[in-house]
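Please look at the sequence and the structure shown here before reading on.

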Amino acid sequence: MKIKIAAACFVVATMLAPVAVYAADGDSDRSHPMTYVKDSAITVKVKAKIAEEKIKSLVHINVDTDANGAVFLSGIARTQAEADKAVAIARETEGVTSVKSNIKIKKDD
């Protein structure tokens with residue numbers, strides 16, 4: 001009886017292993033490791049330039065880059081001018097092909 005249960009568990013685990021591996025791959029849109037490195041480098045450049053501005057609310061801006069060099073900005077800024085500054089910084093960064101902003105303006109109550 002124990003052998004049948006062990007065999008059944010082994011078969012089920014063998015069948016589910018590829019599903020678990022596929023689900024764990026969070027960067028499935030990255031076709032090649034060098035593409036991932038390039039995207040990461042663009043993200044780091046944009047984040048560094050935003051940090052150089054020393055505008056306090058810009059630390060709440062998230063930066064993500066896709067495989068084509070498109071930068072996605074999200075988060076919260078205090079003013080529209082600060083949000084526009086983050087977009088301008090991203091556009092001026094080498095390797096960026098486009099910028100899409102989803103930055104929200106924090107309204108003071």
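## Strands 1 and 2

N62 stands opposite S74 in strand 2, and V63 stands opposite L73 of strand 2. Strand 1 and strand 2 pair in the antiparallel sense over 5 bridges; two strands pair if DSSP finds at least two bridges between them. Helices (H or I, at least four residues) and strands (E, at least two) are DSSP runs, numbered from the N terminus. Strand 1 and strand 2 form a hairpin with 4 residues between them, and G69 in the turn has a positive phi of about 85 degrees.

This is a predicted model, in which local features need pLDDT of at least 70 and side-chain atom pairs count only at pLDDT 80 or more, while totals for chains, interfaces and linings use all residues. Residues are numbered from 1 along each chain as its sequence is written, and side-chain values use heavy atoms, with hydrogens and water left out.

The open sheet is formed by 3 strands in the order 1-2-3, with mixed pairing. Strand 1 and strand 3 stand at the edges with a single partner strand each, so one side of each is left without a neighbour in the sheet. Strand 2 and strand 3 pair in the parallel sense over 8 bridges, and L73 stands opposite S101 in strand 3.

Strand 2, helix 3 and strand 3 make a right-handed β-α-β unit. Right-handed means that, with the strands pointing away from the viewer, the path from the first strand over the helix to the second runs clockwise.

## The nonpolar core

The largest nonpolar core has 17 residues, and those with the most contacts inside it are V46, I50, V71, L73, V99 and I103. Such a core is a set of buried Ala, Val, Leu, Ile, Met, Phe, Trp, Tyr and Cys residues joined through side-chain atoms within 4.5 Å. At least two residues of this core come from each of helix 2 (33–52), strand 1 (61–65), strand 2 (70–77), helix 3 (80–92) and strand 3 (98–105). Helix 3 gives the most, with 5 residues.

I50 touches L58, I61, V63, A86 and I89, not counting residues up to four places away in sequence; contact means heavy atoms within 4.5 Å.

## T65

Is T65 buried or exposed? T65, in strand 1, counts as buried because its relative accessibility is 1%. Buried means under 20% relative accessible area, exposed over 50%, partly exposed in between (1.4 Å probe, protein chains only).

The side chain of T65 makes a polar contact with the side chain of T43 (2.7 Å). A polar contact is a pair of N or O atoms within 3.5 Å; within protein, one must be able to donate a hydrogen and the other to accept it, and residues adjacent in sequence count only if both atoms are side-chain atoms.
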